[in-house]
Amino acid sequence: MSGSSAAGEDIVQHLSSNSNPSSSKLAKLEARMAGKAAASAPSSPPHHPMAACAPAVAFMDQEELPETSSSDDDNGEEFLIQKNTLKRPRSPDGDHILALGNFEGSANEAAKVLDVMDSRSSSDNSNRKKQGRGRGRAGTGRGRGSKTDQTRVTSTSSTVVTNGQLDKLTNKEPRSSVQPGHDDRAASQEEISQLRGKVAFLEEDLAKSRQEATNYHQLSDRLAKELKDLKDHDQQMRSKQMKVLSDLLIAVSKAERQEARMRIRQESFRLGNVGVMRAGTIISETWEDGQAIKDLNAHLKSLLETKETIERHRKSLKKRQSSDKGDGSDAETSMSEEDILLQDEICKSRLTSIKREEEQYLRERDRYELEKGRLIREMKRLRDEDGSRFNNFQILHHRYALLNLLGKGGFSEVYKAFDLVEYKYVACKLHGLNAQWSEEKKQSYIRHAIREYNIHKTLVHPNIVRLWDIFEIDHNTFCTVLEYCSGKDLDAVLKATPILPEKEARIIIVQIFQGLVYLNKRGQKIIHYDLKPGNVLFDEVGVAKVTDFGLSKIVENDVGSQGMELTSQGAGTYWYLPPECFDLSKTPFISSKVDVWSAGVMFYQMLFGRRPFGHDQTQERILREDTIINARRVEFPSKPSVSNEAKDLIRRCLTYNQSERPDVLTIAQDPYLSYAKR
Ligand SMILES: Nc1ncnc2c1ncn2[C@@H]1O[C@H](COP(=O)(O)OP(=O)(O)OP(=O)(O)O)[C@@H](O)[C@H]1O
């Protein structure tokens, strides 16, 4: 009995130490059961050995239990009686989370059952009270949780606790000693032992779940390590891939460089080369024509000489004709009138054919001149590439593999590059600050570039070159990354073909206006201010794209109809700027009409092969001679023939008065700029 009691105490201790509500309820119940047993003792024969220790609680059948019951128990506590309608959900093996949840659910369920039992016991007690009203209250040994009672109850327990585990014990309930009148007590003890079994089962479940959780932790650690290894491997592979890719790109670029230099050598032989001339101590560079141009010039020279000979011959024929008429000299040397006329006709015919030949040679020479121009630009590009500090295929910003130089601007070099992260070609514009510049000038340049970047990066339109990125390379250099346009720029196109067929010129100007319309339909309108052929690029399928927002202006929302103040007078390319930008008498106001003028000049140039104002003048002369300030009327050459619609559009764009000139959104309505069927 004392062994059972110790085991019972263990259980109680274990259960009370367990935070599980079912455990503490069980302890409570046991304590109460013991109390109630004592309270109900009078109904049992006092001599019975179990009378003091066996609880005399009669349980109602589950279905018969009332939903709630109030107890008039003298300790004043009330107990809720609830039907135990919850079933413990079965946990699928291996799902420890669910198992833990189930354990909690089951534990709660157990707690509920215990509640029910508790309530039953009190209900039973109350029933008994009702039944035994007038019979007087039971003795004083009713107090719950009295140590003796607890020991008694737990002595019938079928479980013991060993190291937090509940082990089933053989039921030592001395059935033989239980009186037949105590069946209900036996039933409740049976139920308690079942609950203990359940708790033991849940404990087992918990232990299993804990083990599973540990396993899962280990598994997750292993997987995390595997993931890290994979990531490292992936990183290594990426680096290798990048290396292979950049090596391939470099190999191709090197081959292109070699080819370009070889081509230059061949072309130089045909078209010419830069030679060095020394005059005293001064060494200067001069152009020396190549063999093809020399031959052509020689042909032209010989044609000229032949022409002169024929002209002389004609003169002498005319002389002879007049002298023959006058003095009737000797008949042998004299020529008949008819002979002279015939000779003259022969000379004329020869002169005509020489002229034709000459024209052909001159056309050829023009072509050579264009080729020579292209050759000189290519030579300059190669020379710039050779002199560039970025010519050895660096990878910038860990992703942009620099390839070949595309060209050099005032303060920048533009390289074709490959983005090793996005796998696409880009153009890297390397802005170099002159080391001789003052810190103030450098800062101003950087401010300017950041401003340009901030404007440009927000622009997303098919006819505007995208700006992808900006980063610093060193104290004096930074890089902007642009959409790569593999075609030539419009300036190079017009140098190769100064006059474009109207159809081609129209599709280009339409695209430029579409870009401008986009700039003027945004919340924050933008004036490009530097529209010129060099700032119109073409992609591989020939889509025209406006670039270079270095001089662009953001039009603030509060500017009036007259436009915004021009604070950077003097900047820009003068052939393409409207008269208001040259007004030195006051600070000019500008608007999108500046871009309308520039577009008109470009369209004129595409159609007629020359700019409408100051074509042959330098920038400096345009300023000095007020060329644009005097550009009141645009004149059209008779050739090539161009449609009236095109001329009308140009006239509208080149309207001298800014107030009368249409703005971008108005001129964009011109039917000539739309391909929509009407
Ligand atoms: N996004 C691009 N894609 C392809 N080529 C480009 C791109 N941007 C510029 N280029 C080419 O690089 C060369 C230099 O361009 P850059 O804009 O630096 O010169 P620029 O406009 O002549 O000079 P500046 O900007 O000083 O007026 C030009 O030949 C241009 O065609």
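In which handedness of crossing does H5 pass H7? The crossing is left-handed. Here a crossing is left-handed if the near helix is turned anticlockwise from the far one by less than a right angle, and right-handed if clockwise. The model is predicted: local features need pLDDT of at least 70, side-chain atom pairs count only at pLDDT 80 or more, and totals for chains, interfaces and linings use all residues. Residues are numbered from 1 along each chain as its sequence is written, and side-chain values use heavy atoms, with hydrogens and water left out.

Helix H5 spans residues 183-271 and helix H7 residues 337-387. Helices (H or I, at least four residues) and strands (E, at least two) are DSSP runs, numbered from the N terminus. The two axes come within 10 Å and cross at roughly 140°. H5 is therefore oblique to H7. Axes are lines fitted to C-alpha atoms, for helices over the stretch in contact, and angles run from 0 to 180 degrees between N-to-C directions. Angles under 35 degrees count as roughly parallel, over 145 as roughly antiparallel, 65 to 115 as roughly perpendicular and the rest as oblique. On the H5 side, the contact (heavy atoms within 4.5 Å) includes Arg257, Arg261, Ile264 and Glu267. Residues contributed by H7 include Tyr368, Glu371, Lys372, Leu375 and Arg381. By class, the H5 contact with H7 holds seven nonpolar, one polar and 10 charged residues. Ala, Val, Leu, Ile, Met, Phe, Trp, Tyr, Cys and Pro count as nonpolar, Asp, Glu, Lys and Arg as charged, and the others, Gly among them, as polar.

Helix H11 (residues 593-608) packs with two helices, H13 and H10. The axes of H11 and H13 (residues 644-653) come within 8 Å and cross at roughly 145°. This crossing is left-handed. From H11, Val596, Trp597, Gly600, Phe603, Tyr604, Leu607 and Phe608 take part; from H13, Ala646, Leu649, Ile650 and Cys653. The contact of H11 with H13 comprises 10 nonpolar residues, one polar and no charged.

H10 (residues 502-521) and H11 pack at an angle of about 165°, their axes 9 Å apart. H10 and H11 are therefore roughly antiparallel. Their crossing is right-handed. Residues of H10 in the contact include Ile508, Ile509, Ile512 and Phe513, and those of H11 include Ala599, Met602 and Phe603. The contact of H10 with H11 has 11 nonpolar, no polar and three charged residues.

The ligand is surrounded by 18 residues, of which Gly410, Ser412, Glu483, Cys485 and Asp489 are the closest. A surrounding residue has a heavy atom within 4 Å of the molecule. A backbone N or O atom of Gly410 lies 2.7 Å from a ligand oxygen. For the side chain of Ser412, an N or O atom is 2.8 Å from an oxygen of the ligand. The side chain of Asp489 likewise places an N or O atom 2.8 Å from a ligand oxygen.

Most residues other than glycine have a negative phi, and most peptide bonds are trans. His397 has a positive phi, near 55°. His397 sits in the loop between strand S5 (395-396) and strand S6 (400-408). Lys639 and Pro640 are joined by a cis peptide bond, with omega about -10°. Pro640 belongs to the loop between helix H12 (619-624) and H13.

Key
Polar contact = N/O pair within 3.5 Å; in protein donor to acceptor, adjacent residues only side chain to side chain.
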